[in-house]
Amino acid sequence: MRKRISYLLLCAVMTLVGCNRAKELNPQSENVPVKAFQAVKKRFPESTSLVFAPLTPEKIWSVDFMSNSRQYKAVVDTQAVLANARFLNNQLPEPLVQFLDKLAIRGGTVASETWEIQPETAAGEDWPRVAFDYQWMGMERTIKVITNGANNVKFALTMGSQSTLAYYVEKPMDVSPKIGNYLKRIGMAEHPGMWVSYDQDGRRTFVNRNGMFIFDQDENPLFVLHGSVVKQEDLPAFVYNYINASPEMDGFIFESAIRFSVDGCSGYHISVRKDTEIGQIFNLYFNDNGDLIYHEFTAYQF
C-alpha cells in the first residue's frame, strides 16, 4: 500500500508558483495537479524538463524528464511514481541482437532508444527488463525482454502493441470504476494485483494471474479470458485465412483455441507455437467479425 505524502507547507508555496511551473513544463496538458509534479520530484529530486501527458483524466499521467544527465520516462499519479524506466543507449546488447535474429519476427527495425524498466517489488519482481519499440511488418510494436531472470531463463521476450510503461495496481477499481465493476461482475477481480498499460490507439490492457483483459478507449470490453476450449476443426475460416497469409508463422503448429463470449464481447483466442532450441508462440485475438483485436508474440530460451 502506497503511503499518502503530506505536502502542506510545500503546497502553500506551490499555490503561488507550482501550477504555473507544472504548466510550463507540460505544454500538452493544463490539468496536471501539483501533487503529480511533486510525486516525480520526491522520487527523482534532480528531475528537470518534465513533460506530462494524460493517460486517464485527472488521475494518471506519463511523464518524460531528465535526472542526473539521464533521460527517464515514468507513469505517475497524484501520490507516487507507479513505474519508471531509464534510457540506456541506442544499441541493443549483442546477445539480444543474435537472439532476435533467430526468431520469427526477425528482420524488423529497432525504432526507439533502449530503456531499462525498473522492477516492481510490490508485484514480486526482482529483475529489470529491457524495452524498445520495434517496427515490424509495417506496425510499431513494443518489445520487452528479461535477461538472466527467473528460473534461469536466458531470454524471455514479449512483443505486443506499442504501449506505455505497464504499472502495477492492487485493484482495477483504482484505475477505472467502470472496468473494476465489469471485472467484478464477471467474477474476474477476485485476485489482487493487476498490470495496466495503454496502447497507442487508446486501448487498456490489464494482466493478472487469471490472464489478460483488453478494453477499448471508452473502457468497453474487447477481450476477456473467460470461455471454453474449441477444437481446431471448429474454428472459423478467418482464423485459417489469417494464419495462412502470415509467412512468419510457417512451421508453427496449432496449440489451443478458446471461444470467449461474455457480457458484451465475443471471439476467439488462438495460440500457435514452434519449439526448437527456442520456444516461440503467437497469440491471436479475433472478434466474431474476424477483426484481429490483439497480436502478441513471445519467445524464450533457457
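Mentor: A definition to start: helices here are DSSP runs of H or I with at least four residues, strands are runs of E with at least two, and both are numbered from the N terminus. Keep in mind that this is a predicted model.
Trainee: Fine. How many helices and strands does the chain have?
Mentor: Five helices and 19 strands.
Trainee: And what share of the residues is buried?
Mentor: Of the 302 residues in the chain, 48% are buried. The accessible surface is about 15500 Å². Carbon and sulfur atoms account for 49% of that surface.
Trainee: What about contacts across the sequence?
Mentor: Take contacts between residues at least 6 apart in sequence: 47% of them join residues at least 24 apart.
Trainee: Let's do the open sheet of five strands. What is the strand order?
Mentor: β10-β11-β12-β13-β14, with antiparallel pairing.
Trainee: Which strands are at the edges?
Mentor: β10, residues 167-169, and β14, residues 221-224. Each of them pairs on one side only.
Trainee: How much are neighbouring strands turned against each other?
Mentor: By 25° on average, direction ignored.
Trainee: Switching to M173. Where is it?
Mentor: In the loop between β10 and α4. Setting aside residues up to four places away in sequence, M173 touches K59, G180 and N181.
Trainee: Why is M173 called partly exposed?
Mentor: Because its relative accessible area is 33%, and partly exposed runs between the 20% cut-off for buried and the 50% cut-off for exposed.
Trainee: Last one, I258. Which strand is it in?
Mentor: β16, residues 253-262.
Trainee: What is I258 in contact with?
Mentor: Leaving out neighbours within four places in sequence, the contacts of I258 are L225, G227, S228, V230, G267, Y268 and H269. S271 is 13 residues from I258 in sequence, and 9.0 Å away from C-alpha to C-alpha.
Trainee: Why doesn't I258 count as buried?
Mentor: Because its relative accessible area is 24%, and buried means under 20%. I258 is therefore partly exposed.

Notes: Residues are numbered from 1 along each chain as its sequence is written. This is a predicted model: local features need pLDDT of at least 70, side-chain atom pairs count only at pLDDT 80 or more; totals for chains, interfaces and linings use all residues. Side-chain values use heavy atoms; hydrogens and water are left out. Two strands pair if DSSP finds at least two bridges between them. Axes are lines fitted to C-alpha atoms, for helices over the stretch in contact, and angles run from 0 to 180 degrees between N-to-C directions. Buried means under 20% relative accessible area, exposed over 50%, partly exposed in between (1.4 Å probe, protein chains only). Contact means heavy atoms within 4.5 Å. Accessible areas come from the Shrake-Rupley method with a 1.4 Å probe; for residues, only the protein chains shown count as cover.
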